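Biologist: Could you take me through this structure? I would like to begin with the sheet.

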Amino acid sequence: MQHRYQIIQADWTITVNSDFEVLRDFAVVLEDNRIQTLIANDEIAELDCYQSAEIVRLPGCALMPGMVNSHTHAPMSLFRGMADDLPLMQWLTEHIWPAEARWVDPSFIADGFRLAAAEMIRSGTTCLSDMFYFPDEAARCAQEIGMRSVIGLIVLDFPSAWAKDADEYLHKALAVHDEIRELSLVSSAFAPHAPYTVSDQPLRQIAMYSSELDVPVHMHVHETAHEVAEAQQKTGQRPLQRLDQLDLLNPNLIAVHMTELDEFEIERIAEAGVNVAHCPESNLKLGSGICPVADLLEQGVNICLGTDGAASNNDLDLLGEMRTAALLAKGSSGNASACDARQAIEMATINGARALGMADRIGSIEVGKHADLIALDLNSLNTQPLYDPVAQVAYAASSRQVSHVWIDGVAQLKDFEFCRLDSAEIIAKAAAWAQKIKS
Ligand SMILES: [Zn+2]
């Protein structure tokens, strides 16, 4: 079989390997969908084994691993800007849940997922972890687009267009898990919505299936002080205590938000290896609270980043999220060294891969990994002069500077233009949905 080689030559390669090496004037050589080697530019010129390779020269650019959006509700992009300036429970119960009941069907999923995936690719995200209804449809869209995705298999106690009760959600979850396991870019995670919407019995089953199948569990946990206080009032327990008893606190759990944590809980989740998906902009916008990132980092907890859905953010720009996360950690802890530029970039890349059980495949630029890569063009006013590309990426660059994106070795964005997606068509479909929903 003929192998296809691509050589990407950027001025800086931010590897995000365990030593966080930043390479100057290196070429990253792709063989089909994988990273074959990293080699100095002046050495590659002398090799003739890559004569047939496609060469992409990126002067003034930084190449880095594609970002991993560890928590989103991709199809909810179609609800962007529909209900704003409200606290979580009012936003959910009076606006989002009724709109979902009225509008969500497979065509909504297809158009919403495409809109979200296009926005993410355009802003440098190459892998998303989703939670929404009709996960079978989302998986199909992800594979068709070429977007690496971990599709959440939603479980709730209450009915929706997707299932009528927890048993049916679980039954369908297992069926979708089986149906999509052979897809190359898509895998699945159990996605019980939250402790307050899923009862003990389905959670016990999820804990069992997750451990048997080694599949992540993706769940909103301790999103607000209200959630924790209400659970204490009803059950006498904090939700995390309950999840611990249900055997859910382990390295398969991606606990989303975690704004309300006491000292004991931080120690417990560190000891149990629980991953935290931090969504600072959604937490700020809904007035939900602030995840204690500095304390979690100190305890060695794996923190990854998510945008949450576009209805509560209101964008899916992980580069912006990275900066908000770093600034918020510093501001809320009173420590300017908390969440430094490297840690912020790790949270947006390798930590997300680790949380999703994919750190052996993506999240850094290392030989043998899948080629999920992005380039940022730093030849802009806001990123000059350039002392340190890491600082520019974390604190100064805009997602509009993402010039190239590859997912699994396939170019998705080249010179700021989509290679496979038709943005005009995606925007027209989103506008048509807004017309329908408004009327
Ligand atoms: Zn969410």
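Modeller: Two strands count as paired if DSSP finds at least two bridges between them. Please note that this is a predicted model. On that basis, 8 strands form an open sheet with mixed pairing, in the order S3-S2-S1-S4-S13-S14-S15-S16.

Biologist: Which are the edge strands?

Modeller: They are S3 (34-40) and S16 (417-418), each of which pairs on one side only.

Biologist: And how do S1 and S4 run?

Modeller: S1 (residues 5-14) and S4 (residues 54-65) run parallel, joined by 7 bridges. Within that pairing, isoleucine 8 has valine 56 of S4 as its bridge partner.

Biologist: Turning to helices, how do H3 and H4 cross?

Modeller: The axes of H3 (residues 106-122) and H4 (residues 135-145) cross at roughly 40 degrees and come within 9 Å. The two helices are therefore oblique to each other, and their crossing is right-handed.

Biologist: Which residues meet there?

Modeller: From H3, Pro106, Ile109, Ala110, Phe113, Arg114 and Ala117 meet Glu137, Ala138, Cys141 and Ile145 of H4. By class, this contact has 8 nonpolar and 2 charged residues, with no polar ones.

Biologist: What is leucine 286 in contact with, beyond its neighbours within four places in sequence?

Modeller: Its contacts are Pro87, Leu88, Trp91 and Ser312. Proline 87 is 199 residues away along the chain, yet its C-alpha atom and that of leucine 286 are separated by 4.9 Å.

Conventions:
Residues are numbered from 1 along each chain as its sequence is written. This is a predicted model: local features need pLDDT of at least 70, side-chain atom pairs count only at pLDDT 80 or more; totals for chains, interfaces and linings use all residues. Axes are lines fitted to C-alpha atoms, for helices over the stretch in contact, and angles run from 0 to 180 degrees between N-to-C directions. Helices (H or I, at least four residues) and strands (E, at least two) are DSSP runs, numbered from the N terminus. Angles under 35 degrees count as roughly parallel, over 145 as roughly antiparallel, 65 to 115 as roughly perpendicular and the rest as oblique. A crossing is left-handed if the near helix is turned anticlockwise from the far one by less than a right angle, and right-handed if clockwise. Two residues are in contact if their C-beta atoms, placed from the backbone, lie within 7 Å. Ala, Val, Leu, Ile, Met, Phe, Trp, Tyr, Cys and Pro count as nonpolar, Asp, Glu, Lys and Arg as charged, and the others, Gly among them, as polar.
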